[in-house]
Amino acid sequence: MLLGDYHTHTTYSRSGHGKGSVEDNVRKALSLGMKEIALTDHGFRHGAYGMTKKAFPKFLEEVQAVREKYPEIKVYAGIEANFISPTGELDIPPEFADKLDIIVAGYHKFVRPARGGLGFHLRNLITKNSRKAKVRNTDAYIKALDKYDIAILSHPNSGCKIDLKEVGKVASAKGTYIELNGKRVSLTADELIALADLGCRFLANSDAHSPARVGDVGIWKETWVASGLDSALIHNYNRLPDLKLNGGKNDGNAKQKS
Ligand SMILES: [Zn+2]
Ligand SMILES: [Zn+2]
C-alpha cells in the first residue's frame, strides 16, 4: 500500500481547480492508512490556478492546524513550482523559500515567465517536439535541480519534452524522486527501465485535485508491470521515502514539536 502521497492539491489552487481543503486531503490520507502527505498547490506564477502570495500565510496556518489536530500523520507544506525560465528558475518567491518543506517541480503551460523566459514557454507551445526545445528544456531542468532542493519532478516529459537520461542522471545524483503521476502516464515502460538503470528512485503520487482522489495511482499499474521493475523502487509503496527537504530543514515531525 501507499504510505504517503506527496503531490496533492487543495482549493489554494485557484479558479476551482482544487476541490477540497487541506484538512479534507489529510483526512482522506488517514482513512487510507497513510503516514505522510504533502500539500502541493500550483506555484504562484500559474496564470489560472496558482496559489496567491496573499493566501500563502493562511495555507501555512492551515497546515500547522492539521499537524496539531492529526499528529498521527506527518504533513508537509509544499508547492508544485513552475519552470519560468531557460535558466531553471522556479516560481518560488524568495520571501517564502524557507517556509516550504518540499518542492515539487513540474512544467506547466500558461505560466507568467521570468525575464527572458517568454521564449522558453512559447517554444514549448508552438514547437513542442522540436529538438531545440528539448535541449533547452533539459538544460532548464538540470539547472533547476542544481539551484533548488527539489524533492520530486512531477509528471516528467508531460507538456515539455526533456532528455530523460540527462535529467535522470542529475536527479539520481541529487536524490530527487521521479514521479509516477496519478493523473497521467508520462513515461513508457522502457523509459522507466532506463531511469532505474541510472539509479533513479520513484514516488507514486496521486496529483489529486479532489480529496476523493488522494492516494489514487492505479493508472500506472499496467506500465509498471510491463517494465518488470521491482516495486521496491517505488519509495512510498510499503515504505516511506527519504525525501530531499527544502533547505536541508528537519522533517515535518521535528517541526511539529518545535
Ligand atoms: Zn502538474
Ligand atoms: Zn499537480
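So, what order do the 7 strands of the open sheet come in? They go β1-β2-β3-β4-β5-β6-β7, and the pairing is parallel. Strands here are DSSP E runs of at least two residues, helices are H or I runs of at least four, and both are numbered from the N terminus. Two strands count as paired if DSSP finds at least two bridges between them.

Quick housekeeping before I go on. This is a predicted model, so local features need pLDDT of at least 70 and side-chain atom pairs count only at pLDDT 80 or more, while totals for chains, interfaces and linings use all residues. Residues are numbered from 1 along each chain as its sequence is written, and chains are lettered from A and ligands numbered from 1 in the order in which they are written.

Strand β1, residues 4–5, is joined to β2 by 2 bridges, running parallel, and D5 has I37 as its bridge partner in β2. On to β3, residues 74–82: 7 bridges join β2 to that strand, parallel again, with H42 partnered by E80. Helix α2 packs on this sheet, touching β2 and β3, and its direction makes about 155 degrees with that of β3. Contact means C-beta atoms, placed from the backbone, within 7 Å. Axes are lines fitted to C-alpha atoms, for helices over the stretch in contact, and angles run from 0 to 180 degrees between N-to-C directions.

How many of the residues of β2 are buried? It's 7 of 7, for residues 36–42. Buried means 20 or more other C-beta atoms within 10 Å of a residue's own, exposed means 12 or fewer, and partly exposed is in between, with C-beta atoms placed from the backbone.

Now some loops. Y49 sits between β2 and α2 (56–69), and Y49 counts as buried because it has 21 C-beta neighbours inside 10 Å. Leaving aside neighbours within four places in sequence, Y49 contacts S13, R14, S15, H17 and H42.

Next, phi. Most residues other than glycine have a negative phi. F110, in the loop between β4 (102–106) and α3 (118–126), has a positive one near 60 degrees. H155, in the loop between β5 (150–153) and α5, has a positive phi of about 30 degrees. F110 is partly exposed, because it has 13 C-beta neighbours inside 10 Å; H155 is buried, with 26 other C-beta atoms within 10 Å.

The axes of α1 (22–31) and α2 come within 9 Å and cross at roughly 35 degrees. That crossing is right-handed, meaning the near helix is turned clockwise from the far one by less than a right angle, with anticlockwise being left-handed. V22, E23 and V26 of α1 meet E62, V63 and V66 of α2: 4 nonpolar, no polar and 2 charged. For the classes, Ala, Val, Leu, Ile, Met, Phe, Trp, Tyr, Cys and Pro are nonpolar, Asp, Glu, Lys and Arg are charged, and the others, Gly among them, are polar.

Then there's α5 (164–174) with α6 (189–197): axes within 9 Å, crossing at roughly 40 degrees. The contact there involves L164, K165 and G168 of α5, plus E191, A194 and L195 of α6.

Key
Two residues are in contact if their C-beta atoms, placed from the backbone, lie within 7 Å.
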